[in-house]
Amino acid sequence: MDFNNTSPWFKLCVLFMFFSLKFHLSLAADRITATQPLSGDQTIASANFKLGFFNPGNTSNYYIGMWYTRVIQQTIVWVANRETPVSDRFSSELRISDGNLVLFNESKAPIWSTNLNSTASPSVEAVLGDDGNLILNGSGSSLPLWQSFEHPADTWLPGAKVGLNKITGENTRLISWKNKTDPAPGLFSLELDPNGTSEYYILWNMSKNFWTSGTWNGQIFSLVPEMRLNYIYNFSYFTNASENYFTYSLYNNSIISRFVMDVGGQIQQMSWLEPANQWNLFWNQPRVQCEVYAYCGAFGSCNLKGQPFCNCLTGFDPKWADEWNSEVYSGGCARKTKLQCGNSSLVNGKRDKFLPSFRMSLPENPQTLDVGSAQECESNCLSNCSCTAYAYDNSQCSIWIGDLLDLQQLTDGDPNGKTLYVRLAASEIPSSKSNKGVVIGAVVGSVVVVLLIGLILFAILRRKRTIKPGKAVEGSLVAYGYRDLQNATKNFSEKLGGGGFGSVFKGILPDSGVIAVKKLESISQGEKQFRTEVSTIGTIQHVNLVRLRGFCSEGTKKLLVYDYMPNGSLDFHLFHEKNSKVLDWNTRYNVALGTARGLTYLHEKCRDCIIHCDIKPENILLDAEFCPKVADFGLAKLIGRDFSRVLTTMRGTRGYLAPEWISGVAITAKADVYSYGMMLFELVSGRRNSEQSENGTVKFFPTWVARQIAEGGDVLSLLDPRLEGNADLDELNRVCKIACWCIQDDEAQRPSMGQVVQILEGVLNVNVPPIPRTLQVFVDEEEHIVFFTESSTSQSSQAQSNTSTASSSQSQTKSITSSISSQS
């Protein structure tokens, strides 16, 4: 149809429809007024935030919420109608009514309001600020009538206050979502001590205090040492006659950052990384997930050594399976079978029994009974239908009534591990007596026959079986069959370690060659692309890099096969003195040099610069001669550049994390240099950088080194005391100086790994480095605060690493070249 020849009235109608649709999608304003409400897909926007209807997940519920404009993942920072969703956003409306901002649902009933006692005024309007504060203005007042900063949901934005009104007793608190798709108030909250002290608490169910910030000392909260890292965040605490509150701001306003009271019970500080399009966890409290009270809910047990952390006790299933599948466990577990005690419907039911759960931390608030034996303790619990468990330890009987909360599965050898006897229906516990005489003979006979046949078949297959490598992908890289690797690893039974990209298992090939097999998880690439990337990694070979021998790709099964390192990882030899021989100084120096050579090859000798992104002792493996080999380079690209997985695994290794990971700038090879420097400190001391020293104090070791180097102090005092001073003084001094250069705040001041190699080889001299600004704070104030604290989740000898590729930058600033000179 020729639009130019159509009726003017038709053109006018088309234009009217267009502008109506345009207006419907966006109000193109930052405010809601008496004449301009908000409905449907309309939004109001400021420079940094939008406000409108949203629906979390795949639910049909809609809420009025606020989110970032620059963050590609819709991240909700505030919700109005947390407990009262609407089902039809087009029939619902947020508007000014009687001097309030009110949300009317599809039935035109008010379901949320600012709830002010004010008279109607046409001048009242709601304005969305650039800081994310929704302010209700008007009625001739210069002060806000109401503001969202005083009514937060689960998120605390820079500039907002979380505190206590001393006059009204009202606490401005953060409350977690109920789960990841339901913004209704959840179980966990952060608030200031209602008794008026300067401590913050995290509460479970508004009643159980399980974490405190410690008191404010004028600079930081005593139990939150991460606050000292103030080159990004400016924390402030205020107190006066009417209120106590805590607030923070950003030194660089271009950074996007937020506090979140997470559904998992941890308060988290998140920063948005623009290059990776991913939220990065800066710090979280409590540091250990299992320290969150009742994290796994009723009858759920938390185990830091396993994934997932939560499991139901035997005889129980998740109460809400969907929530457990989305990693929200606070709903707990429910019995598979009802108890006989107190249940009149089970007339012929057998009496309840108790099943022991070993190495458990016992729940709180037990009732103590005065009995003479374990049998009496059990009998007393059994006779009380409300008794759900008992324990008998050191001649003391403890019983628990009702739900069992905050259970933890402890490790072998933990002195706090006790045996907890949990009450179950008889049908949930196999009888040890029934039909014993009839069954035993048949079972034993059958087992013997089956074992003999199995052994014979296994011996035959063992002789005949050879691995069929398939065609080589590149050079000596071999394509293995999944069944071959399954047999080599004895069905993946001997686990060496695991991390963000998968688990590692020890295997033995038919030719008696020992291998390490990594089972990759969440591979997003297709078959052809996967093989291409594996081929690229396989061509990267260096004496100080762990060699990739082959791979397996069968459908969703993706595995990598590496050389096995018999001496495990560096952390085992540095930090676990009871289990290994102390590394002498010569070995440590060679580990530092070899690691630097391996990283130099990745950064400068490959076709594309490969950034490792997770250099730490756990990712430096040692062969039979203690030659160091950098493990797991290239995996981020292989996984498909899923930086969310890279950053998630950074949570446990923040002590090695360069500042640029937090500030959100582009990551270069200098991030590896920083991590390498942090690792050098630990090579010198033989301890974690923030570990408790022998005299019982907690010092951040790099601060101590920086002070000694700057003041020309005794560097031998820095050495691992187990070496008894046996170290080359020049080498020790050189390593300490390099470490301090590597952790400079400005990445341009850090040396390249190639320069580090030359310094360690004695080709270059190195001058005294300046004290990094982040460490200068500690030195000036003569404080020893933990700079970063690691997660207590241990990493193994074949721990994961995270890698990415980036273009290499060869430029060096004048500050480096003037401080590192050629040796004459």
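Me: How many residues does the largest nonpolar core have, and which have the most contacts inside it?
Reply: In this predicted model, the largest nonpolar core has 88 residues. Leu 51 and Leu 134 are the ones with the most contacts inside it.

Me: Which strand gives the most to this core?
Reply: That's strand S23, residues 278-285, which gives four residues.

Me: Back to Leu 51. What is it in contact with, leaving aside neighbours within four places in sequence?
Reply: Quite a list! It includes Leu 38, Ile 44, Ile 64, Met 66, Trp 67, Trp 78, Leu 94, Leu 128 and Leu 134. Gln 42, Thr 43 and Gly 65 are in contact with Leu 51 too.

Me: And what's in the second core?
Reply: That one is separate and has 84 residues, among them Val 534, Leu 574, Ala 596 and Met 678.

Me: New topic: strand S21. Is it mostly covered or uncovered?
Reply: Mostly covered. S21 spans residues 257-261, and five of its five residues are buried.

Me: Which strands does S21 pair with?
Reply: Strand S13, residues 155-156, runs antiparallel to S21 and is joined to it by two bridges. There, Trp 156 stands opposite Phe 259. S21 also pairs with S22, residues 267-273, in the antiparallel sense over five bridges. In that pairing, Ser 257 stands opposite Ser 271.

Conventions. Residues numbered from 1 in each chain as written. Predicted model: local features only at pLDDT ≥ 70, side-chain atom pairs only at ≥ 80, totals over all residues. Heavy atoms only, no water. Buried < 20%, exposed > 50% of the residue type's maximum accessible area, 1.4 Å probe, protein only. Pairing = 2+ DSSP bridges. Core = buried A, V, L, I, M, F, W, Y, C linked by side-chain atoms within 4.5 Å. Contact = heavy atoms within 4.5 Å.
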